[in-house]
Amino acid sequence: MVLFFLVLTIVGPLLTDFAPDDYVGPRARPPSSEYWFGTTTFGQDVFTQFVYGLFPAFLIGLIGGGLATLIGMIIGFLAGYRGGIVDEFLNMFTNIVLVIPTFALLLIIAAYLTVRGFFVEAIFIGFTAWPWAARAIRAQTFSLRSRDFVDLARISGMSPLKIIFTEIAPNMMSYLVMVFILQFGGAILIAATLDFIGLGPTTGISLGLMMNNAVLWGALHLGMWWWFIPPGAAIAAIVGALYITNVGLDEVFNPKLREM
Amino acid sequence: MFKKITLLVLLIVFLFSGMAFAQVYERSETIYTTGTMWGPPSSWNPITPWAVATGTRGLCYESLFLYDPLTDEYTPWLAESGEWVSSNVYELKVRKGIRWSDGAMFTADDVKFTFELGKNYEGVFYSTMWKWLTDVEKVNDYTLKFHFSKALYQEWGNVMYTMMMVPNHIWKDRTEEEVTAGANENPVGSGAYLYESHGADRMVWVRNDKWWATDLLGLKPAPKRMVDLINASNNVSLGMVLKGELDLSNNFLPGVADLVNWGYVTTFYPEAPYMLSANTAFLFMNLTKKPMDDPAFRRAVSFAINVNQIVNIAYANLVEATDPTGLLPTWSKYIDKDVVEKLGFSYNPEQAKAILADAGYKDVDGDGFVEAPDGSKIELSIIVPFGWTDWMESIKIIAKGCQTVGINLKAEYPDFGGYTAKLYGGTFDMGINNFGSQVSNTPWTFYDWLFRTPVQAQMNNGNFSRYDNEKIFDLVVELDKTPIDDLAGMQEVISQIQEIQLTDMPAIPLWYNGLWSQVSNAVWTNWPSAAEDTPNYLPCTWNNYWEMGAVFMLCELELAK
Amino acid sequence: MALQVENLKVYYQTLKGDVKALDGTTFTVEDGEIMGLAGESGCGKSTLNNSLILLKPPMRFVGGKAKLDNEELPVWDMQKMNNFRFKKISTIPQYAMDAMNPTRKIGKMTSELLGSRKIDFKSILPELKRRLDLVELSHDVMNMYPIELSGGMKQRMVMVLSTLLNPSLLIADEITSALDVSTQKAVAKMLVEFRDREFVKSLIVITHDISILYQIADGIMIMYAGKLAEKASTEVIINSPRHPYTKLLISSLPDIGIKYSQKKLTGIPGKPPLLLDPPTGCRFRERCPVAFEKCLNEEPPFIEIEKGHFIACWKEFEKNA
Amino acid sequence: MKRYFARKLLIYLLTFFFAVTIDWLIPRFMPGNPVQNLLARAALRAEAAEVMYGYFTRAFGLDVPIWQQYLNFWNALFHGDLGISVYLFPQPVIKIIMRAVPYDIFLLLPAILLSWIAGNKFGAFAARTKWLDNTVLPFGYILTATPYMWLGILLAWVFGLVLGIFPISGAYSLAMAPHFSWIFIWSTLRHWFLPFASLFLVMFGGWAIGMRNMIIYELEADYSHYLEALGAPRKLIRKYAFRNAILPQITGLALQLGVIVAGALVTEIVFSYPGIGYLILAAIQNQDYFLIQGCFLFIIVGVLLANFAIDIIYVIVDPRTRIGMAGETA
């Protein structure tokens, strides 16, 4: 599923000979062989916008999700491995960020930039979405910390950092991957929401923006379903697919979940 | 959890069910309007005109005169008559027999008081009037004399119908705070409607059956109630229009042309442009920056813009391209055809290129975009507020147009705040704006906004181009000093202004924003329209439009059979 | 005869294939007998335990039978087994420490458990209290949460619980491994005590710590790679083992008599074979000092070479022959 | 136990402090100037605009040095004064918010609680019930993966426009003023339903899945095995598993609140439902410092309180924390 969309993202632009906001055809046309997803009230090709809009989704998922996971790892590892006062502090910090309704925060931050790009958006999301990862990874590290191979490393005078990255990290790769996937999906959702309420990027096209436009231009009332259905569906599909992939991995990694 | 709540509510309902239907509006007695309020009703204080709920000015509080732009006529309203008894003394007769909604009589004292609020409190928006108004003299209960240090006839004419009279006997005890920043709940006015209630998304007025105009002028608004809704979003109003739940919608609705054709709504004109024109959208260029400081460059831009495409695509023909002077149709008599003939412009890429070339702009580094004569690169951006979708579409087209003639112009959409900051602070390159070009009794308001002086760090409203030209400023003041009935005098000054304007082109008029007005005939009919057999007013609920005739519209509405 | 197991085969289903964790085991446990079961971890000890009491996926019943008091145990049928579990056959799991629901008061849990088995809690309460005294637990534990008990206490609690209905067979799986020496002793003693008081008719004590067995077990079974290697009375196993594996095990223990350390079965070079597809012939041969060609192709049967002494080793068979 | 709460409290206080500071800080760095925006809408004669600009800058206390604005802010805060709205001039922020809050409660409380309860029940039911697991699970994942607003739009489109069963904007009919009568309640409920439904559905999916996984973990926990070994019936074991699986779900609820608020926000926007979410967007678009601060502050406090409540509940239902030997505190 994800792959399908990924491919679509890459080859999509080739499938269409329009630019996302060109006025290519008649206005408000339902899907047809010529305009696969129909056209907007301005006569822009929805399919074109759609395929172009996919890219930012992945970009943000990658950067935002990646960043979140990274921060989460650093904090999680440190807290989990060092324990004690460091843990106390980091944990408290995490909880604070966790409790603050980051989205509301995101709104304000987003509003702060007058001209926004996808990259910036991704960064913001990354910086607000990490606590989940941090908590999860911390817990994992905790359980690993006391394993004998870690003790062994410690005794053999390995530096904490080295231990973390040579002993602990590899032993929870599977877990990290899953965390990343979750963050990836999460980032896409947040981005879509931001875009939708008009606090997303002020340039370029994204799935969220498409929905935003669709609603702004009364696609609902004019019954132009082809304008607002594809973007949302795509997001749901992508993120849903990611989650399910995750379950897959999960079942592989801890047999307990596996159905016999 | 939720069940409990309902049960509780239901219980209370039972207790109160006595007053059940009292609060339900009879559709046939109610007019639903929208398009004015951008937020929940929050103020009924006519002294803070920008914040007031729809109808506060015009339906609740009233002005001395009404002015109808379509006929260019003043109608005595709270005033009975007014005339310049000398070059700088204006005598005003107050109409007898007018009562405030609390029963008190309306007299010269109220007028004097209202004017002097501006004298006493800086925070009153018309306080600056006292720079040229020296004294308001009460001759008797129904006569006043206004003495001027400098008689600005045009501006005075404007004041006559934009300034709302407030009751002296209620306001005189109020603090400056209350006057300049009070919400003035439960307003006591003289107008056709009384405050009934308001909610997060609406303002509800109920007809004042003791309205003075009913006895004195035989006017009676048809709808018993007026429910004005906030602009939740175009999309919501659109939905309501389609369902016939909205009688008059004064916001920009996408695809109105279709709605008209499908017979959901009617507009002032049955076909394009459908709407009357309300104001002029200008392309302001920041003259403090290169290369916008070069008249030739600006002129080139004016030829590079395909306004018709904007009209067709961004607006689906809901608007009209402007006259090169930018003057609204209602002011067409002030347009100097010869000047336009000589200096006018129209979409013509070739000519734009030519002008650029002649002025020494050529593409040196071969990136397809021209460099300035001094060889420096040109990279410009044009801004409109994010979310102002029609404008966003427009500047995309403008940017394209400029690029095709070799000007590297990008469209950008900052938030409203960023937009105003850039525009007012003079950090923008190009931008669209129309805040001050509203239809009024005189082109003076238009030019005063366009060529606002002096140019300073913050241009809070007007002359965003920062166009610094004493000559034109003087002409604007001269225009202001010309009596409103001296048409020739006005034309004379105005054509001089136009000559300079079109030569220097500090801002480029693009299109007339429509007086967005979609009406449904489902419940109410006899709406104003271009048709012969219908009334001919501005069908609009916006602030200041009631005084421009919209109040008559309410009186002439008829129930659909 | 309490328990008879005949050629019991139980495999683990994995993505790679069947793991032959219990590959044809045959033995008996007499009434009143405490049978020890020893072997390296992963040799199938716990599998044996599970297959007798809780055989469920990924475990798969392949063949053989098990009789308890001459009544066949339907080990392959989760439901039918319920009639036996707790009442006739019971267990003290490896994880006795967290065997109790952390969010239920012990007493409540017990009563709910009994209730679910259609047994009247009230009537059994006095007996329960008596047994608590026996294991030196105050009666208050009944309205405490497991988390409030120490490891040892929990262990004892579970012992009481598991044996509450006087099962014919109790399987104690690695119950001592998590405890310190002194507690180990105590627990071990209690097991014996339970047997003596006939709370349980007979016991199988699974451990990798032979020293414990020496204290309490009547007989010992040595298991290797899913098969029994040797079975005899404790004396014999300790003093005159015959299977080379057993020998190595025992020799890796300190001399009897001195204080037993928790010496684990580690002294032997090499690793047991993977049970995914075990080698033909004797499964011990790679590590066996005395292995010879016969061990390579033919699997040694588990034969009684003396009264009550079973082994599976060609070498020894030859000696006898 | 004491320590547990002391720690919680500390966290909450810190959070509050940080949040408030950020809250105060960020609008100050926003582009544009609220007074300017206020007047931009006024379309005043330019000359007047000049004067008014100075006047209102003073009136909103934006002329004093930044640090002083900060102190004033805290000071005012403790007097329950959140300043005056620019966008809804001249209404006090607190008043505006108070008008919006009931709608949020009315919308969120049922949505959260019902979806949580239903989701958990269902998830527990689906767990280890093969056919359900295979059909419902993917569906649930799709649901959680659905952007709130999209579901909202869909519902609005299908039920509001295509079927025309439910109104899709506002909180109650435009044909009536708030009052107690059957028709009014009815209209309120009908306006309430779609926003509620879209929130409910998305959350439901999440809870169901969470519960399903939790249960499966619990069913594999040692105590479950022990009970099985003692022949306890499936019913009892599941009962225990459910009870234990609920606990993490409760914490989950606390952690989710932030996200839920976000969801409510966009949902309110889709249905132009006059709650805080709707307000905060308007406030941002109108650069209304004071209103933004107010709304944000309110959300913070709301979420904090909710968290605290949940903590208390948690302690009540989970003996482990109650006995104060809680390893980690959520």
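Predicted model: local features only at pLDDT ≥ 70, side-chain atom pairs only at ≥ 80, totals over all residues.
Author: Residues are numbered from 1 along each chain as its sequence is written, while chains are lettered from A and ligands numbered from 1 in the order in which they are written.

Reader: What makes the radius of gyration of chain B agree with that of a compact globule?

Author: The radius is taken over C-alpha atoms, and the globule rule is 2.2 Å times the number of residues to the power 0.38. For 561 residues a compact globule would have a radius near 24 Å; chain B has 25 Å, and therefore the two agree. Along its principal axes, the C-alpha trace of chain B spans about 80 × 65 × 50 Å. Chain B holds 18 helices and 20 strands, where helices (H or I, at least four residues) and strands (E, at least two) are DSSP runs numbered from the N terminus.

Reader: Why is Val241(B) called buried?

Author: A residue is buried if 20 or more other C-beta atoms lie within 10 Å of its own, exposed if 12 or fewer, and partly exposed in between, with C-beta atoms placed from the backbone. Val241(B) has 26 such atoms within 10 Å, and therefore it is buried. In chain B, 57% of the 561 residues count as buried.

Reader: Where is Val241(B) placed, and which residues does Val241(B) touch?

Author: Val241(B) lies in helix 7 (residues 234–243) of chain B. Two residues are in contact if their C-beta atoms, placed from the backbone, lie within 7 Å. Leaving aside residues up to four places away in sequence, Val241(B) touches several residues, among them Leu246(B), Tyr264(B) and Ser520(B). Ser520(B) is 279 residues apart from Val241(B) along the chain, yet their C-alpha atoms are separated by 7.1 Å.

Reader: What makes helix 5 of chain C mostly covered?

Author: Eleven of its 13 residues are buried, including Gly152(C), Met157(C) and Leu161(C). The elements that cover the buried residues include helix 3 (106–116) and strand 7 (169–173) of chain C.

Reader: Why do strand 2 and strand 5 of chain C stand at the edges of their sheet?

Author: Four strands of chain C form an open, antiparallel sheet in the order 2-1-4-5. Strand 2 (17–29) and strand 5 (71–72) each have a single partner strand, so one side of each is left without a neighbour in the sheet. Two strands pair if DSSP finds at least two bridges between them; strand 1 (residues 3–14) and strand 4 (residues 59–68) of chain C pair over eight bridges. Leu3(C) has Leu68(C), in strand 4, as its bridge partner.

Reader: How confident is the predictor in chain A?

Author: The pLDDT is the predictor's confidence in each residue, from 0 to 100. Chain A averages 77, and 78% of the residues score at least 70. Over residues 256–260 of chain A the pLDDT is below 50, and this stretch has twelve contacts in the model beyond near neighbours in sequence.
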